[in-house]
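Work through the exercises below with the sequence and the 3D view open. Try each task before reading its solution.

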Amino acid sequence: MKTYRIATIPGDGIGKEVVPAGAEVLQALAASGGGFRFEFEDFGWGGDWYRAHGEMMPADGLEALKGKDAILFGSAGDPQIPDHITLWGLRLKICQGFDQYANVRPTRILPGIDAPLKRCKPEDLDWVIVRENSEGEYAGVGGRVHQGHPIEAATDVSIMTRAGVERVLRFAFKLAQSRPRKQLTVVTKSNAQRHAMVMWDEIANEVAREFPDVKWDKELVDAMTARMVNKPATLDTVVATNLHADILSDLAAALAGSLGIAPTANLDPERRYPSMFEPIHGSAFDIMGKGLANPVGTFWSCVMLLEHLGEQEAAQRLMAAIEAVTADTSLHTGDLGGTARTADVTRAVIARLAR
Ligand code: ATP
């Protein structure tokens with residue numbers, strides 16, 4: 001029997017509730033047949049680790065993760081620690097250390113979910129947003145001078161490399177090609193950003209020639225927000241820079257009904273390193289420790305994890321169980337207007353898997 005070695009990193013806030021729920025569901029899935037098992041190792045990194053050790057994760061933490069088949073991550077964020085420290089010290093350290101350059105975020109309106117776009121039928125909204133995840137606006141290049149003085153200055157320099165842009169666009173074209181509609185929208189801002197985004201557009205034209213069967217178009221990021229709201233059915237696969245896709249994918253999650261549902265995968269498509277799967281929501285300190293977090297975003301992330309491992313049948317089985325549970329409004333958590341608890345949703349998904 002195949003054994004998959006999974007690292008779990010709950011992190012902070014509700015991550016500590018939804019990641020154990022995800023691990024429980026994966027164990028139940030393995031136990032219900034499929035010819036594989038999971039071996040989990042839990043890493044208690046995050047805000048508490050920072051308070052004890054002065055860093056979000058150990059300096060050699062990546063070494064401990066290297067041999068894993070995948071990572072299931074919760075969230076990083078702590079009210080007592082500045083956001084840039086929690087983000088750069090843990091999640092980005094893993095994404096960048098393992099060169100997980102493609103961040104993939106599917107969005108659909110799941111059964112039973114009351115999404116805010118009243119004119120949009122659930123089948124009109126079926127998107128996958130690919131976010132460049134290794135450079136661009138979040139390259140971390142910049143600095144501050146004259147701190148605290150009136151002449152203080154600060155820069156964040158967006159770095160785009162031909163290799164970096166090419167690989168993420170090629171990944172997005174390939175993903176679009178694998179989906180029934182074979183359609184890609186390349187998000188840009190080359191009207192205002194006249195260097196890197198113009199190169200981004202040029203490379204899109206070049207890479208597109210390798211995929212003659214993929215229909216593609218270009219959209220300015222500002223116009224894209226309106227198109228997502230007004231004409232959701234005109235979109236399928238979308239690719240955008242690190243910053244643009246960060247924002248657009250939160251909008252996508254909201255349009256699909258809740259931040260609590262949306263999943264994401266940080267992929268190293270070349271499989272040199274483990275890829276990392278996580279719900280897109282943050283630590284949600286307002287509800288942490290109360291058992292109220294919606295675990296569906298984590299469960300859907302587990303579906304992506306299974307797909308990445310090549311366990312397509314198990315992935316489909318888990319997705320079907322998730323959809324059966326969201327269809328039952330008595331199993332909706334507070335973010336969806338219900339009163340169900342994390343444990344109720346988890347139990348219901350596991351019961352469904354056992355059938
Ligand atoms: P961070 O700073 O770590 O990104 P945040 O608390 O600012 O976290 P989110 O956690 O992403 O932002 O979400 C904002 C709000 O949405 C939360 O305060 C919470 O009320 C709600 N929310 C997010 N995720 C969930 C979830 N899984 N279940 C229920 N509510 C959620």
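**Exercise 1.** Decide whether V130 is buried, partly exposed or exposed, and list what it touches.

*Solution.* Step 1: apply the cut-offs, where buried means under 20% relative accessible area, exposed over 50%, and partly exposed in between (1.4 Å probe, protein chains only). V130 has 0% relative accessibility, so it counts as buried. This is a predicted model, in which local features need pLDDT of at least 70 and side-chain atom pairs count only at pLDDT 80 or more, while totals for chains, interfaces and linings use all residues. Residues are numbered from 1 along each chain as its sequence is written, and side-chain values use heavy atoms, with hydrogens and water left out.

Step 1: V130 belongs to strand 5 (residues 126-132); strands (E, at least two residues) and helices (H or I, at least four) are DSSP runs, numbered from the N terminus.

Step 2: find its contacts, meaning heavy atoms within 4.5 Å. Beyond the neighbours within four places in sequence, V130 is in contact with N103, V168, F171, A172, L175, V238, V239, A240 and A245.

Step 3: compare sequence and space. V130 and L169 are 39 residues apart in sequence, and their C-alpha atoms are 8.8 Å apart.

**Exercise 2.** Describe the surroundings of Q183 and find the backbone oxygen that its side chain reaches.

*Solution.* Step 1: Q183 is in strand 8 (residues 183-188). Its relative accessibility is 11%, so Q183 counts as buried.

Step 1: residues up to four places away in sequence are not counted. Q183 then touches A176, V214, K215, R227, T234, L235, D236 and T237.

Step 2: look for a polar contact (a pair of N or O atoms within 3.5 Å; within protein, one must be able to donate a hydrogen and the other to accept it, and residues adjacent in sequence count only if both atoms are side-chain atoms). The side chain of Q183 reaches the backbone oxygen of T234 at 2.6 Å.

**Exercise 3.** Examine phi at K182 and at H146.

*Solution.* Most residues other than glycine have a negative phi.

Step 1: K182 has a positive phi near 45°. K182 sits in the loop between helix 5 (162-178) and strand 8, and it counts as partly exposed because its relative accessibility is 30%.

Step 2: H146, also not a glycine, has a positive phi of about 55°. The loop between strand 6 (136-145) and strand 7 (153-159) holds H146, which counts as partly exposed because its relative accessibility is 40%.

**Exercise 4.** How many disulfides does the structure hold?

*Solution.* Step 1: a disulfide is a pair of cysteine sulfur atoms within 2.5 Å. The structure holds zero.

Step 1: check C95. The nearest cysteine sulfur belongs to C302 and is 17 Å away. C95 counts as buried because its relative accessibility is 1%; C120, at 12%, counts as buried too.

**Exercise 5.** Which residues are closest to the ligand?

*Solution.* Step 1: a residue is near a molecule if one of its heavy atoms lies within 4 Å of it. The ligand is surrounded by 13 residues, and the closest are G282, S283, A284, D286 and N294.

Step 1: list distances to oxygen atoms of the ligand. A backbone N or O atom of S283 is at 2.9 Å, a backbone N or O atom of A284 at 3.1 Å, and a polar side-chain atom of D286 at 2.7 Å.
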